[in-house]
Amino acid sequence: MKFKDLKFTETKIPKGIQALVKFGEYELSIVQNDISYGGPLLYEIAVFDKNDTLIEMPGITEEGDTVKGWLNETNVELIMKKMYSLTLDTGTNML
């Protein structure tokens with residue numbers, strides 16, 4: 001999956017956009033808003049498990065941190081490739 005394939009929806013609180021991509025039992029959240037790490041110009045990601053719990057994911061987030069910010073489109077695309085490598089799932093964009 002490429003960044004251009006992501007389907008973002010608008011969020012109201014905080015005002016911004018979000019895309020959700022399912023990789024097997026995991027869901028990758030990609031957000032951009034006024035309070036995300038990177039503000040309205042860059043993206044922030046987080047990974048949720050099958051219980052909808054925010055988790056650390058080695059290779060995606062740093063140890064002790066569940067959110068990774070300050071990402072551009074290329075960074076997000078690389079993270080999606082890593083998610084594929086970890087799950088062997090090509091990813092399904094959720095709306």
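Biologist: Why is Tyr43 called buried?

Modeller: In this predicted model, Tyr43 has a relative accessibility of 8%. Buried means under 20% relative accessible area, exposed means over 50%, and partly exposed lies in between (1.4 Å probe, protein chains only). Tyr43 therefore counts as buried.

Biologist: What makes the pair of Phe3 and Tyr43 edge-to-face?

Modeller: Their ring centres are 5.2 Å apart and their planes stand at 70°. Rings of Phe, Tyr and Trp (its six-membered ring) pair if their centres lie within 6.5 Å; planes under 30 degrees apart count as stacked, over 60 as edge-to-face and the rest as tilted. The pair of Phe3 and Tyr43 is therefore edge-to-face. Phe3 lies in the segment before β1 and Tyr43 in strand β4, 40 residues apart. Strands (E, at least two residues) and helices (H or I, at least four) are DSSP runs, numbered from the N terminus.

Biologist: How many aromatic pairs are there in the whole structure?

Modeller: The search finds three. One of them joins Phe3 and Phe8, with centres 5.8 Å apart and planes at 45°, so this pair is tilted. Phe3, Phe8 and Tyr43 form one aromatic cluster.

Biologist: Why is Phe8 called partly exposed?

Modeller: Its relative accessible area is 26%, whereas Phe3 has 10% relative accessibility and so counts as buried.

Biologist: How do you know that Glu77 and Lys2 meet in a salt bridge?

Modeller: The distance from N to O is 3.8 Å. A salt bridge is a side-chain nitrogen of Lys or Arg within 4 Å of a carboxyl oxygen of Asp or Glu, so the pair qualifies. Glu77 sits in helix α1 and Lys2 in the segment before β1 (9-11), 75 residues apart. Glu77 counts as buried because its relative accessibility is 19%, while Lys2 is partly exposed at 39%.

Biologist: How many salt bridges does this rule give?

Modeller: The count comes to two. Glu62 also forms one with Lys68, again with the closest N and O atoms 3.8 Å apart. With a relative accessible area of 52%, Glu62 is exposed.

Biologist: Which residues does Val76 touch?

Modeller: Leaving out residues up to four places away in sequence, Val76 touches Phe3, Leu6, Ile30, Tyr43 and Leu71. Contact means heavy atoms within 4.5 Å.

Biologist: What can be said of the model's numbering and limits?

Modeller: Residues are numbered from 1 along each chain as its sequence is written, and side-chain values use heavy atoms, with hydrogens and water left out. Local features need pLDDT of at least 70 and side-chain atom pairs count only at pLDDT 80 or more, while totals for chains, interfaces and linings use all residues.
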